[in-house]
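Work through the exercises below with the sequence and the model at hand. Each task is followed by a solution in steps.

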Amino acid sequence: MNAVFRRALLASPGGYFLLAAWRNHRFRHRYDAMLLSYPKSGRTWLRMMLGRIFQDHFGLARDAAPPLELLALARQKPGIPRIQVAHDDMPHLRRAEELQTGRKEYRGCRVVFMVRDPRDVMVSNFFQASRRDRYFNGTLSQFLRSSQYGCAGLLRYMAIWDANRHVPAAFLCIRYEDLQADPAARLREVLSFVGLPDVPDALVSRIVSECSFGNMRRLEEEGSLGSGRLRAGDSADPESFKVRRGKVGGFRDYLAPADVQYIEELMRRELPPSYGYDPHRK
């Protein structure tokens, strides 16, 4: 795609999404796996652990490339899985009815799809949108109900992927809650899926400990990873951190009863039960 056509495409309605789709389709089959999620589903934590594993298992210097930059690490040494990380279809910026319903472009791919309780995702994404990226100025209640950014789009996105699990050559769904409950087991599951089943248990355990919530929060505060992906929007505002709380069920500290009722009613109607998120769970 030449520069003139690219600029014209970006200037057209929906051009950004068309260009992103073209790039994904053009390059995704160069990768060993795709790591996909809706924003704020806990993927940064998994990504950090994978990056540290790649650095240490393959004997790379810690400053060879930032641990969150998985493709940059893969270029350092043969054998490191090439993992592309994406929010495919940019679902957090699109209305539910605008989301693509098919995933045929992932045929032949290996897909790790990370999910999290939608109630926690929406609270965390509200702070991302209002305190870090600053594209939303309303209240949390308004954010939940927004036709552009609200929970209807998240639930639609999860339902679309549930209906398309059979499309990739291999599909692995990782729940944030399961990763929290047993990070070593879930990390090893992902490593095997991307072609590294022989990573020593001792290394997995060490990386899990090194990438604890407290350590990741400290690294973000220090800005020591060499990547803007893990940097606070405002160091004086704890809600603007990328590593914000990480608490399972933390939505209860933020959502009013009417907001909980609203999103749980949508979950009952729209969310496939295969994900295991029972809105009646206490």
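Predicted model: local features only at pLDDT ≥ 70, side-chain atom pairs only at ≥ 80, totals over all residues.

**Exercise 1. Decide whether Met48 is buried or exposed, and find where it lies.**

Step 1. Met48 has a relative accessibility of 1%. Buried means under 20% relative accessible area, exposed over 50%, and partly exposed in between (1.4 Å probe, protein chains only). Met48 therefore counts as buried.

Step 2. The residue belongs to helix 3. Helices (H or I, at least four residues) and strands (E, at least two) are DSSP runs, numbered from the N terminus.

Step 3. Between Met48 and Cys211 there are 163 residues of separation in sequence, yet their C-alpha atoms are 7.1 Å apart in space.

Residues are numbered from 1 along each chain as its sequence is written, and side-chain values use heavy atoms, with hydrogens and water left out.

**Exercise 2. Describe the chain as a whole: how many helices and strands does it have, and what share of its residues is buried?**

Step 1. There are 12 helices and 4 strands in the chain.

Step 2. The chain has 282 residues, and 52% of them count as buried.

Step 3. Consider the contacts (heavy atoms within 4.5 Å). Among those with a separation of 6 or more, 69% are between residues 24 or more positions apart.

**Exercise 3. Characterise the packing of helix 3 against helix 10.**

Step 1. Two packed helices are described by the angle between their axes and the distance between the axes. Axes are lines fitted to C-alpha atoms, for helices over the stretch in contact, and angles run from 0 to 180 degrees between N-to-C directions.

Step 2. Helix 3 and helix 10 (residues 201-210) have axes 10 Å apart, at an angle of about 135 degrees. That angle makes helix 3 oblique to helix 10. Angles under 35 degrees count as roughly parallel, over 145 as roughly antiparallel, 65 to 115 as roughly perpendicular and the rest as oblique.

Step 3. The two helices cross in a right-handed way. A crossing is left-handed if the near helix is turned anticlockwise from the far one by less than a right angle, and right-handed if clockwise.

Step 4. On the helix 3 side the contact has Met49, Arg52, Ile53, Asp56 and His57; on the helix 10 side it has Leu203, Val204, Arg206, Ile207, Val208 and Glu210.

Step 5. Sorted by class, these are 6 nonpolar, 1 polar and 4 charged residues. Ala, Val, Leu, Ile, Met, Phe, Trp, Tyr, Cys and Pro count as nonpolar, Asp, Glu, Lys and Arg as charged, and the others, Gly among them, as polar.

**Exercise 4. Which residues make the contact of helix 5 with helix 7, and which make that of helix 5 with helix 12?**

Step 1. The axes of helix 5 (residues 118-132) and helix 7 (residues 151-163) come within 10 Å and cross at roughly 130 degrees, which means that helix 5 is oblique to helix 7. Helix 5 contributes Pro118, Val121 and Met122, and helix 7 contributes Cys151, Leu154, Leu155 and Met158. By class there are 7 nonpolar, no polar and no charged residues.

Step 2. The axes of helix 5 and helix 12 (residues 257-270) also come within 10 Å, crossing at roughly 130 degrees. These two helices are therefore oblique to each other. Here Pro118, Arg119 and Met122 of helix 5 meet Ile263, Glu264 and Met267 of helix 12. The classes are 4 nonpolar, no polar and 2 charged.
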